Structure formats: structure tokens, C-alpha cells
Amino acid sequence: MNPIELYKKLPKKNCNQCKQKTCMPFALSVIKGEAELSECPHLTNKEIELLKGSITKSDWREKLILSLKQEVRNINFRDIAEGIGAELKEDNSLAIKCIGRTFIISPDGEVTTHGHITPWMKILLLHYIRMAGKGNLSGKWVSYSELKGGMVKAFSFQRDCEEPLKELIDRDFVQTEKIFIRLGAERHKGFPTDNAWCLYLLPKLPIMILYWPREEEFESKLKIIFDSTADRFLDAESIIFLVEGLVKNVEVNSKFADRNEVIEGNTFN
Ligand code: SF4
């Protein structure tokens, strides 16, 4: 079934309850494996089951997940849990907190959480486990370009992570700070701006968000810095993806600003 065929079977209410603008992008996301049919509240369980049977997802990410799972199966979680800051459960699975949500990874690499989980989230978490970083955080903050492999991707990091986050804070400082706090961020002192929030995106991957509001002729500015050990736990490219996940999360939560809870939409598309 292709996206058009799936679209024809959807309720076509274009109501946005699946967090997609209309039913068409939703159909596309389902075929690409980025959304689940159950995210459309207008489909009955029976309809979902019927549709599932005729959808063939051709997603290379599924293949990547399979190969990461194979690698993770060969890792003894007991050996790496402490190093990556994960909690080892009685059944030998790992509990890992990522951008305010707890994920469970079973010894055979299955990733679950209470809510929707995209292929990208699975890839990121399996990769974090596979890197099996260890050691204490240094407490020394460095820029993205100072991390291993960061220099060549510094422009992408600024464009895809720092700029959009700055725009969200520019748009609504109070609301964005509330979302940071809900995700577990804490304000810190001792930085060149009073607006400094430390947020753990993964147990061993804290970031410090530094924001300077607009002042007279000076434009607002935002910088994200990392503990100097960050590249032991994730490579530079995955770090971009992780921070992009934060930006998307803040975006989604800004749209539901009146709710007093963290919305768990497609953090990673
Ligand atoms: S929730 Fe269902 S009906 Fe509404 S836009 Fe999404 S797919 Fe369409």
C-alpha cells in the first residue's frame, strides 16, 4: 500500500490530533515508519488491524535497528550500565532517561516506553548503549566544535540546533523556560549570562543552554555547550540528532502551552 492508498482509507478529518497537519502527511509518516496508525484516534482497533496487514514499510531505518539490536545482544548490560548512567533492572533490562522520558531496553535490544516511539529514538538509544561510554563527567564545558568530529559539523549544529532553539526562546521566554524545567532542566550560575540551564538529554550527556536576550542594537544569542566527555558517549552526528530531538520536543510542547505536562509527540521524526 502506498501513501495515497492509505490516505484514502483514513478518516480524512484533517483534525491534527495525530500532530500532523492533515491526514496526507500522516499517511506518509505511517508508510515511512515514523508514525503509528494508533496515533489517529478516529480509527477503531479493527480498522487499524486491517490496515496494518496491508502496509509494507520500506524503511532502511528498520534495517539499521535490526543490525544495532544484533550488536547490543552481544553486550552484557551488567558491564556497561553504570558507565552509561543507566539503571539495571532485575530482568537485566536497562532503564535510560532521554529528554524527560524513561525508555526500557531489553537484553535483546527491544526499546519500549509508555507512549509512541519512533525508529530514530530506537536508533539513538541503541547507539548510546553500543558506544558503552564510561567515566565521570569532567565538569569542564566545551563548545560543540571542540568535541571529536564536531568541527566539521559545527555549521549544521548551529543551523539545526542552536538557531531554532534561540527562536523558540525569543518567541516566548517564559513558556520555553517552563518546558525546560518540565524536562528536568535547572538554572545554573557562574556563566557569562544569567540565563543558563543545565539539562541532561541522556544520563551522561548534559548540555548547558546559554541565552542572551536582545539588547538595544545587539541581537539575541544562544549557545549550547557540552561536558568535555560528551563524545565518549555519543558521536558528533548523533549529538546533533539528540539536540534536534530536544528542539522538536520544545516545539511540540509550545503548541500545547496551556497543558501542565510534557507532551510526548514525535520527538524524533
Ligand atoms: S488524527 Fe486522523 S483524521 Fe485527524 S489528521 Fe490525523 S490522520 Fe487525519
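Which residue's side chain meets Lys-69 in a salt bridge? That would be Glu-110, at 2.7 Å from N to O. Keep in mind that this is a predicted model. The pair links distant parts of the chain, with Lys-69 in helix α4 (residues 60-73) and Glu-110 in the loop between β3 and β4, 41 residues apart. Lys-69 counts as buried at 12% relative accessibility, while Glu-110, at 38%, counts as partly exposed.

A search of the whole structure turns up 9 salt bridges. Here are some of them:

| Pair | Closest N and O atoms |
|---|---|
| Asp-170 and Lys-166 | 3.0 Å |
| Glu-219 and Arg-214 | 3.9 Å |

Asp-170 and Lys-166 both sit in helix α7 (residues 154-171), 4 residues apart, or about one turn of the helix. As for the last pair, Glu-219 is exposed, with a relative accessible area of 56%, and Arg-214 is exposed too, at 57% relative accessibility.

Now for a charged residue without such a partner. Asp-227, in strand β9 (residues 221-227), is buried but has no salt bridge: Arg-232, the nearest side chain of opposite charge, is 7.0 Å away. The side chain of Asp-227 does make a polar contact of 2.6 Å with that of Thr-229.

Finally, the sheet. Its 4 strands run in the order β1-β2-β3-β4, forming an open sheet with antiparallel pairing. The edge strands are β1 (87-88) and β4 (111-112). Between β2 (residues 94-98) and β3 (residues 101-105) there are 5 bridges, and Ile-96 has Phe-103 in β3 as its bridge partner. Helix α6 (residues 119-131) lies across β2, β3 and β4, at about 120° to β2.

Notes
Residues are numbered from 1 along each chain as its sequence is written. This is a predicted model: local features need pLDDT of at least 70, side-chain atom pairs count only at pLDDT 80 or more; totals for chains, interfaces and linings use all residues. Side-chain values use heavy atoms; hydrogens and water are left out. Two strands pair if DSSP finds at least two bridges between them. Helices (H or I, at least four residues) and strands (E, at least two) are DSSP runs, numbered from the N terminus. Contact means heavy atoms within 4.5 Å. Axes are lines fitted to C-alpha atoms, for helices over the stretch in contact, and angles run from 0 to 180 degrees between N-to-C directions. Buried means under 20% relative accessible area, exposed over 50%, partly exposed in between (1.4 Å probe, protein chains only). Lys and Arg count as positive and Asp and Glu as negative; His and the chain ends are not counted. A salt bridge is a side-chain nitrogen of Lys or Arg within 4 Å of a carboxyl oxygen of Asp or Glu. A polar contact is a pair of N or O atoms within 3.5 Å; within protein, one must be able to donate a hydrogen and the other to accept it, and residues adjacent in sequence count only if both atoms are side-chain atoms.
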